[in-house]
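Q: I would like a close look at a single part of this model. Please take me through how the part is built, then through a few local details elsewhere.

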Amino acid sequence: MAEPSKVIHIRNVGHEISDTDLLQVVQPFGTVAKLVMLRAKNQALVQMEDLASAVSAIQYYNTIQPSIRGRNVYLQYSSHQELTTDQSSHGRNPDQEEPNRILLITVHHMLYPITIEVLHQVFSSYGFVEKIVTFQKSAGFQALIQYQSRQSAIQAYGTLHGRNIYDGCCQLDIQYSNLSELQVHNNNDRSRDFTNPSLPTEQHPRSSQPSYNDPSNLFGFQQPDPYAQMGKAAMIVAAFGGSLPFGVTGTNDRCTLIVSNLNTDKIDEDKLFNLFSMYGNIVRIKILKNKPDHALIQMADGLQAELAVQYLKGAMLFGKKLEVNYSKYPTVTPAPDAHDYSNSHLNRFNSNVVKNYRHCCAPTKTIHISALPQDITEDAIHAHVGEHGTIVNSRLFEANGKTQALVMFESEEEATEALVSKHATKLEQSNIRISFSQMQNI
């Protein structure tokens with residue numbers, strides 16, 4: 001085997017595997033500094049920011065077989081200790097500039113207006129966006145987006161390049177800019193400095209001088225901004241690699257669910273919150289007094305409700321098969337017996353939105369536990385969650401300098417019970433977070 005190196009050599013990378021797929025394999029272990037796809041050889045080279053991250057990734061994947069889109073890939077140390085600028089092309093032109101924190105965005109097939117608000121909502125999922133400048137060139141509608149960190153720009157590039165903001169249109173073509181700082185003099189509909197909200201707007205009224213670079217003026221009509229309804233869908237589309245999960249349309253507008261066949265002896269509102277918050281933010285939950293095995297759950301929007309229905313209908317919990325359907329009620333009315341979670345810091349989709357959508361799945365046998373104490377032991381984890389079923393396997397690992405764990409149970413039901421009962425509980429002075437893992441093996 002080659003000597004340990006910050007550069008990881010990945011083999012058997014088929015043409016169906018994107019740079020985004022590769023980033024998802026290695027990013028849990030640390031920051032990715034550079035990535036080059038060697039398409040002709042079905043290989044890739046990934047340079048981590050430090051040696052420890054590369055070592056953690058190699059050690060982890062020596063114990064399990066990583067698979068991407070049904071294809072086994074193989075990781076080993078590269079003979080390169082560093083990737084040169086020319087090598088690190090992210091699959092684009094080799095003489096492209098070194099990745100930096102400013103991205104140049106070109107929007108192709110722009111059937112809907114793209115505003116600064118749309119761009120900010122899409123790109124801020126990957127880190128703090130400092131500035132946005134939009135303009136019109138011969139290539140079409142373009143924007144420069146400046147992140148606070150270069151890593152945020154790399155992640156946004158890796159996930160969003162080539163994706164559509166809306167189904168079938170508004171495709172993002174992303175390059176790294178060679179600028180070092182964006183200059184923004186006005187906060188208006190063409191430029192925005194999110195670090196300086198006190199900047200003036202333009203002095204002249206916008207209506208008296210319609211701007212050639214306002215995308216809505218590319219059309220002969222004013223159309224309501226569809227992002228108000230489709231923003232979450234756009235982020236999910238990006239998170240799931242360009243298409244919504246099977247069975248999810250993105251067009252549902254019903255936010256409130258009726259959940260029935262609950263185990264009345266073991267269920268409560270907080271446990272329902274722990275489960276349904278896997279798929280979106282929770283507004284209110286009410287267990288019905290006259291039907292205690294029924295509950296109303298109001299999600300933040302219709303798309304999140306649709307994900308919950310898709311993934312939880314028929315799931316087993318406390319010996320009961322859940323029925324999850326849309327309620328005839330548009331909301332759960334505030335009341336003493338309705339638990340309000342609208343301002344709960346435990347709502348998972350308040351931050352890392354795209355990451356949380358990416359982890360949406362039906363219950364699995366394996367749970368992922370994060371926010372663990374740095375010196376936690378597997379025995380302590382077993383003692384905390386083991387009462388909910390038979391633990392088949394478990395593994396402690398470190399990612400981004402934080403201790404995390406995977407715990408596999410004998411059944412999806414046992415893992416689900418552990419999640420609803422132990423998410424957000426205290427383990428050795430730390431409030432742990434639990435989600436389902438899609439890993440087949442530990």
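A: The answer below starts with a sheet and the helices on it, then moves to other spots in the chain.

This is a predicted model: local features need pLDDT of at least 70, side-chain atom pairs count only at pLDDT 80 or more, and totals for chains, interfaces and linings use all residues. Residues are numbered from 1 along each chain as its sequence is written, and side-chain values use heavy atoms, with hydrogens and water left out.

Start with the sheet. Six strands make an open sheet, in the order β10-β11-β7-β9-β8-β12, with antiparallel pairing. At its edges stand β10 (164-166) and β12 (191-193), each pairing on one side only. On average, neighbouring strands of this sheet are turned by 25 degrees against each other, direction ignored. Helices (H or I, at least four residues) and strands (E, at least two) are DSSP runs, numbered from the N terminus. Two strands pair if DSSP finds at least two bridges between them. In general, strands of a sheet pair through backbone hydrogen bonds, either parallel or antiparallel.

Now take β7. On one side, six bridges join β7 (residues 102-108) to β9 (residues 140-147), and the two run antiparallel. Thr106 has Gln142 as its bridge partner in β9. Ile102 is partnered with Gln146 of β9. Six bridges also join β7 to β11, again antiparallel. There, Val107 stands opposite Leu172 of β11. How enclosed is β7 by the rest of the structure? It is largely enclosed, because five of its seven residues are buried. Buried means under 20% relative accessible area, exposed over 50%, and partly exposed in between (1.4 Å probe, protein chains only).

α3 (residues 116-123) lies across β7, β8 (129-137), β9, β10, β11 (169-176) and β12. It runs at about 130 degrees to β8. α4 (residues 150-160) packs on the sheet and touches β7, β9 and β11. The direction of α4 makes about 140 degrees with that of β11. Contact here means heavy atoms within 4.5 Å. Axes are lines fitted to C-alpha atoms, for helices over the stretch in contact, and angles run from 0 to 180 degrees between N-to-C directions.

Next, a helix pair. α6 (269-276) and α10 (412-422) pack at an angle of about 115 degrees, their axes 7 Å apart. The crossing of α6 past α10 is right-handed. A crossing is left-handed if the near helix is turned anticlockwise from the far one by less than a right angle, and right-handed if clockwise. Lys271, Asn274 and Leu275 of α6 make the contact with Thr416, Leu419, Val420 and Ser421 of α10.

Each helix has a loop worth a look. Asn261 sits in the loop between β13 (256-260) and α6. It is not a glycine, yet its phi is positive, about 65 degrees. Asn261 is partly exposed because its relative accessible area is 29%. Ala424 sits in the loop between α10 and β23 (426-427). Its phi is near 70 degrees, a positive value in a residue other than glycine. At 25% relative accessibility, Ala424 also counts as partly exposed.

α7 (residues 302-312) is mostly covered, with 10 of its 11 residues buried. Among the buried ones are Leu303, Leu307, Val309 and Tyr311. Asp301 caps the N-terminal end of α7, with a side-chain oxygen 3.1 Å from the backbone nitrogen of Leu303. Just after α7, Gly314 takes a positive phi of about 90 degrees.

One more loop residue: Val332, between β18 (323-326) and β19 (339-340). Is Val332 buried or exposed? It counts as buried, because its relative accessibility is 2%. Leaving aside residues up to four places away in sequence, Val332 touches Thr256, Arg284, Lys286, Leu296, Ile297, Gln298 and Ala338. Val332 and Arg284 are 48 residues apart along the chain, but their C-alpha atoms are separated by 6.2 Å.

Last, the cysteines. Cys170 counts as buried, at 0% relative accessibility. Cys255 is buried too, at 19%. A disulfide is a pair of cysteine sulfur atoms within 2.5 Å. By this rule, there are zero disulfides.

Methods. A polar contact is a pair of N or O atoms within 3.5 Å; within protein, one must be able to donate a hydrogen and the other to accept it, and residues adjacent in sequence count only if both atoms are side-chain atoms.
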